[in-house]
Amino acid sequence: MRVLLVEDDELLGSAVQAGLEQSGYTVDWLRDGAHAAAALQVDEPDLLVLDLGLPGRDGLAVLRDLRARGSSLPVLLLTARDTVEDRVAGLDAGADDYLVKPFDLGELTARLRAIARRRGGRASPVIRHGDLEFDPAARVVTVDGAQVSLPARALAILEALLERPGMPLSRERIETILYGWGEGVESNAVEVHIHHLRKKLGKDRIRTIRGLGYMIPKA
Ligand code: CA
């Protein structure tokens with residue numbers, strides 16, 4: 001899952017980036033609110049973690065712009081302004097959740113998983129698909145109760161497909177989920193991961209939809 005982190009504090013930003021990456025997220029990190037607003041107009045991530053006090057453009061203004069143009073992108077606010085008014089303003093501007101600094105990285109990832117669940121219309125913390133189960137917190141996949149070990153990037157693709165059963169994901173979309181904006185992508189990386197997933201999970205688990213990409217059928 002791809003997170004855009006917008007945070008101007010270098011120490012906090014690098015800690016959050018490292019923590020989220022360790023939890024299986026691909027993280028793009030911007031330090032400036034105006035840059036973030038521009039980037040969001042071009043390409044939306046799966047989740048936005050947004051500081052309120054930012055250079056360039058205030059976090060609340062970035063959030064209001066997003067909602068004004070009808071974006072349903074899930075947003076978690078980070079705020080140092082420990083006042084009730086700021087939190088209320090943030091939630092009323094369309095944030096899904098917030099954390100007051102300083103916060104625990106474990107709590108941040110748990111809240112992001114909760115937001116992803118709500119977005120996917122799930123109450124259960126585990127994603128089920130037939131005999132397959134995926135636990136996003138533990139990053140564990142089982143088939144018929146037996147654990148299947150998968151590399152982190154293959155797991156990220158599986159998670160993205162499981163979040164949207166019946167909806168094809170293009171190779172380009174999968175590449176941004178895996179690598180974000182910055183890193184170079186090996187040209188056949190996605191095919192290699194899909195091949196690996198099919199080998200481990202059964203070849204019919206993931207379908208190739210010609211011209212559209214890859215899809216896990218609705219269970
Ligand atoms: Ca700040």
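**Salt bridges, domains and cavities**

Modeller: Asp 46 and Arg 164 form a salt bridge, in which the closest N and O atoms are 2.9 Å apart. Please keep in mind that this is a predicted model.

Colleague: How many residues apart in sequence are the parts that the pair Arg 164 and Asp 46 ties together?

Modeller: The side chains of Arg 164 and Asp 46 meet at 2.9 Å, N to O. Arg 164 belongs to the loop between helix 6 and helix 7 (171-179), while Asp 46 belongs to the loop between helix 2 (33-42) and strand 3 (47-51), so the parts that the pair ties together are apart in sequence by 118 residues.

Colleague: How many salt bridges are counted between domain 1 and domain 2?

Modeller: The domain assignment divides the chain into domain 1 (2-119) and domain 2 (127-215). The structure as a whole holds 18 salt bridges. Between domain 1 and domain 2, the count of salt bridges is 2.

Colleague: Which three residues supply more than any other three of the area that domain 1 buries against domain 2?

Modeller: Taken over C-alpha atoms, the centres of domain 1 and domain 2 are separated by 25 Å, and 14 residues of domain 1 are in contact with 13 residues of domain 2. Between them the two domains bury about 1000 Å², with 46% of it on carbon and sulfur atoms. On the side of domain 1, 39% of the area buried against domain 2 is supplied by three residues, more than by any other three: Arg 2, Thr 26 and Arg 113.

Colleague: What is the volume of the largest cavity?

Modeller: A search of the whole structure, with a cut-off of 30 Å³ or more, finds 2 cavities. The second largest cavity has a volume of about 40 Å³. For the largest cavity, the volume is about 70 Å³.

Colleague: Which element gives the most to the lining of the largest cavity?

Modeller: The lining of the largest cavity includes Met 1, Tyr 25, Arg 113, Ala 116 and Arg 117, and also Arg 122, Pro 125, Pro 136, Glu 159 and Glu 163. Two or more residues of that lining come from each of helix 5 (105-119) and helix 6 (152-163). With 3 residues, the element that gives the most is helix 5.

Colleague: Why does the largest cavity lie between domain 1 and domain 2?

Modeller: By class, the lining of the largest cavity has 5 nonpolar and 5 charged residues, with no polar ones. The reason for the position of the largest cavity is that its lining takes residues from both domain 1 (2-119) and domain 2 (127-215), so the cavity lies between them.

Colleague: How many charged residues are in the lining of the second largest cavity?

Modeller: The residues that line the second largest cavity are Met 1, Ser 23, Gly 24, Tyr 25, Arg 113, Pro 136, Arg 139 and Glu 159. From each of domain 1 (2-119) and domain 2 (127-215), this lining draws at least three residues. Divided by class, the lining has 3 nonpolar and 2 polar residues, and the number of charged residues is 3.

Colleague: Where is Arg 139 found?

Modeller: Arg 139 is among the residues that line the second largest cavity. Its phi is near 60 degrees, a positive value in a residue other than glycine. Arg 139 is found in the loop between strand 7 (132-135) and strand 8 (140-143).

Colleague: What is omega of the cis peptide bond that joins Lys 101 and Pro 102?

Modeller: Pro 102 is placed in the loop between strand 5 (97-100) and helix 5. The peptide bond that joins Lys 101 and Pro 102 is cis, and its omega is about -5 degrees.

Conventions
Residues are numbered from 1 along each chain as its sequence is written. This is a predicted model: local features need pLDDT of at least 70, side-chain atom pairs count only at pLDDT 80 or more; totals for chains, interfaces and linings use all residues. Side-chain values use heavy atoms; hydrogens and water are left out. On a 1 Å grid over the protein atoms alone, a cavity is a set of points where a 1.4 Å probe fits but cannot get out, and a pocket is an open set with protein on both sides within 12 Å along at least five of seven lines; lining residues have an atom within 4 Å of a point. Grid points are joined across faces, edges and corners, and a volume is the space filled by probe spheres set on the points. Helices (H or I, at least four residues) and strands (E, at least two) are DSSP runs, numbered from the N terminus. Ala, Val, Leu, Ile, Met, Phe, Trp, Tyr, Cys and Pro count as nonpolar, Asp, Glu, Lys and Arg as charged, and the others, Gly among them, as polar. Domain bounds come from an automatic or database domain assignment. Contact means heavy atoms within 4.5 Å. Buried area is the accessible area (1.4 Å probe) that two parts lose on being put together, summed over both. A salt bridge is a side-chain nitrogen of Lys or Arg within 4 Å of a carboxyl oxygen of Asp or Glu.
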